[in-house]
Amino acid sequence: MKKIPTTIDVLLHNIGTLVTPQGNHPRGGASMKELQVIEKAAVAIANGRIALVGTEQDVRETLQKAGVEIHEELDAGGRLVTPGLVDPHTHLVHGGSREHELALKRSGVPYLEILAMGGGILSTVTSTRKASEDDLYTKARKSLNEMMLQGVTTVEAKSGYGLTLEDELKQLRVAKRLNETHPLDLVSTFMGAHAVPPEYKGREEEFVDLIVNEMLPRVTDEGLAEFCDVFCEHGVFSVEQSRRILMEGKRNGLIPKIHADEIVPLGGAELAGEVGAISAEHLLATSDEGMQEMANAGVIPVLLPGTSFNLGLTQHARARDMIDTYELPVALSTDYNPGSCPTESIQLIIALASVNLKMTPEEILTACTINAANALGRGFEIGTIEGGKKADLAIFDAPNLAYLPYHFGINHTFGVLKDGRVVVWERGVTV
């Protein structure tokens, strides 16, 4: 056991049930159901990290024997405690909204047709280009607060609504500023290859050249992103174009991610395996071959059930095949964006994962914690409640884990600790 610090900053006690995955690595197949469950638990926190976790009796006895001073005690009120949730796929920073497209969607106009009409992503591009950095910051900060109120402690944010060098940099600079000023940790992904802007229609290869020759070097020179993503889809970026962008991103030090097989089985999942992507995301139409390639290469599938729900699709990602047959470490995310999934509610995603993806409560928690953390390369820091990791904790007003997907449509969060600091308490933001 690691040496116990001489002072405990916070002792979170009177936990009814503490539930957490264990370890640093993504968990696939049957291991997604393997959780540590501690009744009547406590968590001791020092310097923003977990110092000790166990039954409250054992934790208190250990601290007392070591003569440790406890600076503050927090009463969890007999509630459920889990690791802070991780949202590994969002389009957080953007201008405007797209409720005007709702009638088109409900009348059955396909997503790619709306995009071809200048709507969809391109509509948000127009709004984002017009917005100032301060406007984007204010809007995104409000959404981060909503995510925090849902029990989320780490969020990924993609660019991709600028589609010019300066507007992509603008989005990424806003994300960097938010990471520096908001309690939540923000992880940035460059996604200049989100769509082909109108000014490059018919000159798609020239736009790819712009991404490769100008955008990627500037993004990496300024240290504005950790990952590079591309929308590999029919009518957007081909497999060949996506490969070129992702490989050039790797040469610039950015880890590949990919929007893959969202609408048609184009081969994005296979490409994810080929380029060594850390994750492949959406995957509604992924083939068996694509799943096998992801499994072979250790790619984490990030599933977004809110998107298929909001688009009114009857087809959903094949989570059961991914888990049971291919033993993939499935992660879940909101896909928060202004068009196909305008929600910050990870708890809605939890309910949809249960109903539409047929995942168990245990699998869902693993998908929203340690697997999502590994989709961002942070499994050694977050995603479980274990000694040495960041003290990112969610406190839910629920008697057990199954209650979260069972009682849907409300926010169960009572409190959130980020780096050992209370940021939500009694359902309100405290910072």
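Predicted model: local features only at pLDDT ≥ 70, side-chain atom pairs only at ≥ 80, totals over all residues.
A cavity here is a set of grid points where a 1.4 Å probe fits but cannot get out.

Let's take the cavities. How many of 30 Å³ or more turn up in a search of the whole structure? Four. The second largest cavity has a volume of about 70 Å³. Its lining includes Leu-85, Ile-350, Phe-396 and Leu-401. Pro-361, Ile-364, Leu-365 and Cys-368 are also among the lining residues. Helix H14, residues 361-368, gives the largest share of that lining, four residues. Helix H16, residues 403-406, supplies at least two.

Now the open space. The largest pocket comes to about 340 Å³. Thirteen residues line this pocket. Nearest its centre lie Leu-115, Ala-116, Leu-122, Val-196 and Gly-235. Which helix gives the most to the lining? Helix H3, residues 111-116, with three residues.

Last, one lysine. Lys-389 sits in the loop between helix H15 and strand E14. Lys-389 is buried, yet has no salt bridge. The nearest side chain of opposite charge is Glu-386, 4.1 Å away.

What does the Lys-389 side chain reach at 3.0 Å? The backbone oxygen of Gly-23. A polar contact of 2.9 Å also joins the side chains of Lys-389 and Thr-384. Beyond its sequence neighbours up to four places away, Lys-389 touches residues including Asn-24, Arg-49, Ile-50, Ile-370 and Phe-380.

Key:
Residues numbered from 1 in each chain as written. Heavy atoms only, no water. Buried < 20%, exposed > 50% of the residue type's maximum accessible area, 1.4 Å probe, protein only. Lys, Arg positive; Asp, Glu negative; His and termini not counted. Salt bridge = Lys/Arg side-chain N within 4 Å of Asp/Glu carboxyl O. Polar contact = N/O pair within 3.5 Å; in protein donor to acceptor, adjacent residues only side chain to side chain. Contact = heavy atoms within 4.5 Å. 1 Å grid on protein atoms, 1.4 Å probe; cavity = no way out; pocket = protein on both sides within 12 Å on 5 of 7 lines; lining within 4 Å. Points joined across faces, edges and corners; volume = space filled by probe spheres on them.
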